Each structure stands twice: as C-alpha cells, then as structure tokens.
Amino acid sequence: MSLESFVEEARRIVGPRWVLVETWSLAGYAIDYWPLLVYRALRDPRGALSRGPAAAVLPGSEEEVAALLEAAQRFGVRLAVYAGGSGVLGGAVPDEGWVVLDVARLDWVDWFDEEAGIVDAGAGAPLAEVEGWLNRRGWTLRHYPQSLPEARIGGLVATRSTGQYSTGYGGIEERVKGLHAAVPGVGLVRVKPSPRRSVLPPLEQLFTGSEGLLGVITRVYLEALPLPECELRVHWRPGSFREALGEARSLAQRRLAPDLYRIYDEQEAPVALGVEGPAAIGVYEGPCRVARARLEAAAELISSRVEVEEGEGPASRWLRERFNVIASIARLLEIGLAFDTIEFSAPWGSAARVYEAARSAALSVEGVAYVGVHASHFYPSGVALYMTFAFDAGRLEEVYGAVWDRVMRAVSSAGGSISHHHGIGRMRLPYLKLELGEEGARLVARIKRALDPQGILRGFPL
Amino acid sequence: MESTAGDPERALRICAACPGICQYSCPVYRGSNLRSAAPHVLARIALAALQGSPGLGEALNLCVHCGECVRACPIHNDLPGALMAARARLAGEAGVVRVEARPLGGSGEPLVVASPIEPPGRAIDALSGWRLYWLPTREAVRAYWWGSRVEAQAPEGSTIIVEDLDFPREALEGLGRILYSPEALDALGLQWRPPGDSLIHVPCKAPEELRSRLRGLGEALEACSGAGGPLGLGMPEYAAQAASRLAREAGGRLVVTPCAWAALALRASGARACTFLETLWGCRG
Ligand SMILES: Cc1cc2nc3c(=O)[nH]c(=O)nc-3n(C[C@H](O)[C@H](O)[C@H](O)COP(=O)(O)OP(=O)(O)OC[C@H]3O[C@@H](n4cnc5c(N)ncnc54)[C@H](O)[C@@H]3O)c2cc1C
C-alpha cells in the first residue's frame, strides 16, 4: 500500500513520534476555521470530525520537509499543508486519504540581521510569539491580523495576509524579504533576504499567497521596524459611507491616511464601535511630531470633524476588543445565528458600486438576517471592503453557498476583486476565472503543473 | 454573556466555535504540538466523543487542568471544567477509588508521602525519627480525572506531605496535618537549602500561599510543566513532550519542584529535575 509505505518512510524521516495515525490525534485536522465546516461541526461533531486525514506528519527541520515531499512523490501520497488552522476558506483541510503536513514544529524565531531588522522565523512560529519576541527587543512587525492569537507565520505568508495596520505598513508581502520553500522534485529553495532585487519576478513572492499549492514554506525572513514612539487615536463621523470613502481616497492618495484606518457603515458601526454610523476610527503612529503633523494635515483635508481621543472613545474601545471574536460568536450562537465574512477590494472608481452590489447580493438571499460592511485597508488607488453576514444557523446549507455565490459574482461584475486578504482556499476556487480570466487561470494551472507535476499538494480543479 | 459555569455542554460548544484565541497559552499544545491538544480543538473532539464517536475519548487526557486557557479566554470560558464533566460522562457510572498509605519503615509518628513516586529505602534514613508511609496516588489521580471519587486512608494523627498537586485534597481532609513539601521541610525542622545552581519550579496548580513560599526559596521558574492532570498517567510520552518547553527554559539547570508529575515528565524529556523530598535523599536530577 502506498500510504502505508509513505507512513513507514515518514517515520524514518521525522521519527515515529511525529507521525500521527490514531483517530484522536487526527480528528482536529478535519476542519480549519472555514465557517461552513465550523458550523457543520457544531451541528454534527461526530460526522464532521470523522473526516480527518489518513495520517499527519510534523517535520522538525526544513530538510525533513523536503524529504517528506520527495517521499510523497515516490509513494503517490497527497499532502495538505497545515499551519495555525485559522484560514477561513478551507485551504488547510485535507481530503479523504490525504496526509497532513503540519509545520507546527518549525517554530523558531531569531535575528537573521539585527541591524537590518530582519528576523528569521520558522513557518510554524505563532505570529503572537514572533511579535512578542520582537516587542521585548523594541521592534515590531506591525502585522496585526485579527487572527494574531491563532495564525502561524507560514500560513500568513501563504495566504498573503494583511493586518489592522496594513494601510500604514502594507500587507505581509511587504514584510517578506526572503524565504525558504520545499518544492516537489526541486528540493529546498533558499531565497536569501534582500531589501529589493531585480532578478526575474521575485521568487519569494511566488510563494507569498501560494496557499499550499506550489510548495511548503519552511522559513521566512521578515522585515521588522522599531516600535513607534507615539500613537494618536482618532474618530470621526462622516455624513454617509459613500462620503467616508471619498475622504479616504483623498487621504490615501496624499499619504495622509491613518496607519490603522477603518470606516464602518450604518449597520456595522453600532455593532463594532457602539456608536451610530457611519463612523471612522484611526491610529496615527510614528515619531510624535510626525504623527501629529500627519493627523493635523489629514484633519484639514476632510470636512468631517476629527476628534482626537485622550481617554475612552470608539477607537480605544475597538483597540481593546479587537481580538475578542469569541464574545460575539457566542452571542450569535446562542440566538441561533451563524455568520461569515467576505472581503474584496475595488479601485476608487467602482468602490461605492461594489459596496452596494455586494450588500444587495447578500441581502437578496432568504434567511440572511444581517449584513454590515466596513472598509479596512486603503490604497492610493482603492480600498478593501469587508462584509459580515449573519443568518439562521439552521439553514446553513441553503443560505451559505448562495450568499457567497451571489456576492462573488456581484463584486466581480461591479469592478471589484474577489478577495483582498483571505485567499482562495476551497470556497473561492470556483470563482478564479472571474478574477483572472480564462488565460490567467490557464497560466496558474500551468505554473501549478510545473511546480507540482504529480499533484501531491492541494490543486485546483480547473 | 451569562457564565458557562455549571453548563459543560454549552461551554464546549462555545469553545468549539472559537478559532482558538487561547491556544498558545496551553502548555500541552505548545509543548507537544499535538493539534488535538489545542483547547478549541479538544472541545470539538469532546463534543464528538460525547456523541459516541469511536477512538476519540483518549484525547480527553490531553488537558492538564492548569487553567491557562481560562485565563487567556476573553470570556473566561471554563473548558477544563467542561472536560471534567465530559470525562465523567464517558466513563459511565462514577466509582470510588480507595488508596491506603503503605508503611515503608522507621519509627516514630506517622509521616505519609502522597506522591506517584515511591520513596526509596534511603528516604527512611533521611526522615529519621518518623515512621514513613507512602500513599501511592497514581491510579487514584487517573480515576479522579475520569469522574471517580477518591477515598484515602492513613494512620491516625499522620503528617501528610503532598507532592502530587493533582491528588484531590478533599480526600485527605480529616486524616491529619496536610503540608506541601516546601512547607514540610520547615515544619519537620529540616535545614533545607536549594542545591547549587538549581531553579525552583512554581507550578501553575500551586495555591497562592505555596507560590509565595516557593518564590522565596530561590530563583523561580514560574510555568506550567504541562504534565499533570490525566496526561501524566494517561499519556506519559506526551507529558514528556509537553514538559520539553520547560526543560528548554531550565537550560540544563536542576529544577526542584513541589509537583512529582512535573519531575517525572521533566526527567522523561531529558531535563534534570527532582521533587523537594527527593533532594533530601540525594536526587540531583
Ligand atoms: C478570527 C479570525 C480573524 C482573521 N483575521 C484576519 C486578518 O485580519 N487578516 C488576514 O489576512 N486574515 C485573517 N484571518 C484569516 C487567517 O487567519 C489567515 O488566512 C492566516 O493567514 C492563516 O494562517 P494559519 O497559520 O492559520 O494558516 P492555515 O489556516 O493553517 O493555512 C492557510 C493556508 O495556507 C497554507 N499553508 C499554511 N502553511 C503553509 C506553509 N508553510 N507553506 C505553504 N502553504 C501553507 C494552507 O495549506 C492553507 O491553504 C482571520 C481568521 C480568523 C479565524
């Protein structure tokens, strides 16, 4: 049996203790944080958890990862790459008979070059631990996704994630200065850290966003920055969401947008900020004089009155509660509601249209009880929009897929991009062509075939 | 939100719905890297096991009841309490486990060591002036975490030294004077000094009085070993893996601990570790 031979070989490579085969040790890999799977697991835990992988391997070194890929090729075994399991689209979840490659043990963090602020982190290092390690030394990645308490470095890079401060500091792709990845049939590719290079398309970016399809990221060189000296919290009340987007465009194009910047529509402001909406919150960071000067210039530019928070206020409240997702999950659960979020982006010219189209698309599905939207990341050329929808948990199977399908099509035809930072996972696979076009999708499939000719890693059914 | 205390199934469901905000605070998950040990994953497994999924119940040994997840949880959801109830349900009818102190030798007032580790012959000399007994806690602790009640027996008027922080304290009430080992060293008039270059382990399950006592004894290593609860006995190899993080922190120095489960797991993970009492009879890890 090929699986048995693989398991035997894997035991030789990583040591017997790091090859898991017992039911109790595998059940947890049956789901990640794709809400569809989470709510199914709540309704039928037994059924949902019975779909675990055939085995799981936890390599302890980069060389072991490369050897495991080689063994998977030799024995025709398929691998699902698993990091923190906080992905929200099912990307890390194995199919029946697959083996999970869990990068948890690649969890080191150290300086690669302290002078350059380049940190060397294993793909399995929890982001919270990397950030904590840096903070103790006066540094920061300033990469704060809401999943900071859960995600691991490999998963964050593999999904091309963004964080709450990404308006000011950019997404994870701007932090990645080099990386190592094990590629089937190639071995361990070592892309050394560099501030920037012009040597063909940068290989580190080939894997940034590769979602376990092209290889296994084993090590990442991330650019850290000294902790900011000052932080100024602000909030204001734009007249409408559309008006708020207009203000954001002016600010972003003049590089005056707050480093952390969020605009909530009428529906979401009361839930997220506890104020009537629409509402905007922001944080300006950096040397105190610079932060204040940027804030003042921004306040002059927009017509809303910008309030600086000295004590308590919507921005401070939001900052305090920003990782506490369980309070609202539990509240909804107890009144029989399930929810999910869909993020997408749009150039300024179509941002308002995309917002309206996505909202109407979600609301057009029967069983949807709530739709709220906020804008979370701002660029000179456009914006990321983030929609939360809640619905009757008892109607999960009919409502969930219908909302996603209508929203994906509405966003695309209104001129938006189907994803801003969660990636494609399983949920968005059917919509790839909407974003990339026929030829783009064919090219991606060709790249996939070139890097993983036997298809031992997750693939796309194009 | 209303507290989940007293409603284990609700606590499990809420935890199962969470992405795992607390997960890296769990010493077992962080030390062993076993996905099933991550608290929110364990909650999902417990729900499936309660529905009769075969082969999953064993995972419930993975919680050591240190309470780190409850502290890290923004809503302080009591997962350990819920797992305790889940184990009791899976075990079926609650039993009673009786353990009795076994005489080891010596003469004088009865002195009982409650620990999973049997004191060796040398202990009788080290504690001369006492009649030494061993109260073996191993099986009782396992049964306790799986829903049984524990009853202990010891000679009347015993002084009982507890080196098992998982053994239910209530089983000892009324049997005599109960002391944790660092307190006992004073109470028995032993001039104890920490062995050179040692670290004093302050385990997560130590009650507050014991913690402050431990901190005063030397350089403290305050962390959960990830080895107690049902894990130490149910899955000793994973307890050792869980303890390997603490072992790394100790960096080759001798760890002196009031918790025998921590000592066992630390030693199994290659670290130097002794309980307080063991240092009396020459243990150097
Ligand atoms: C409450 C919550 C809030 C969130 N907030 C944000 C947010 O603010 N911003 C954001 O961007 N995302 C957010 N997410 C989504 C999620 O956290 C990110 O997608 C994150 O990057 C996933 O990291 P992970 O370590 O959990 O990866 P996993 O879920 O384990 O894996 C994600 C994908 O990456 C692949 N992968 C993992 N490791 C590797 C590797 N070493 N090599 C190759 N492929 C790999 C997997 O196969 C899978 O396809 C949130 C999720 C939750 C649950």
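**View 1. Parallel pairing of strands S2 and S4 in chain A of the predicted model.** Strand S2 (residues 55-57) and strand S4 (residues 99-102) of chain A pair in the parallel sense over 3 bridges, where pairing requires that DSSP finds at least two bridges between two strands, and strands are DSSP runs (E, at least two residues) numbered, like helices (H or I, at least four residues), from the N terminus. Within S4(A), A:Val100 is the bridge partner of A:Ala56. This is a predicted model, in which local features need pLDDT of at least 70 and side-chain atom pairs count only at pLDDT 80 or more, while totals for chains, interfaces and linings use all residues. Residues are numbered from 1 along each chain as its sequence is written, chains are lettered from A and ligands numbered from 1 in the order in which they are written, and side-chain values use heavy atoms, leaving out hydrogens and water.

**View 2. The open sheet of chain A.** Its 4 strands follow the order S1-S2-S4-S3 with mixed pairing. Strands S1 (19-20) and S3 (79-82) of chain A stand at the edges, each with a single partner strand, so one side of each is left without a neighbour in the sheet.

**View 3. Salt bridge between A:Arg43 and A:Glu397.** The closest N and O atoms of this salt bridge are 3.2 Å apart, the criterion being a side-chain nitrogen of Lys or Arg within 4 Å of a carboxyl oxygen of Asp or Glu. The pair links distant parts of the chain, 354 residues apart, with A:Arg43 in helix H3 (residues 35-43) and A:Glu397 in helix H17 (residues 396-413) of chain A.
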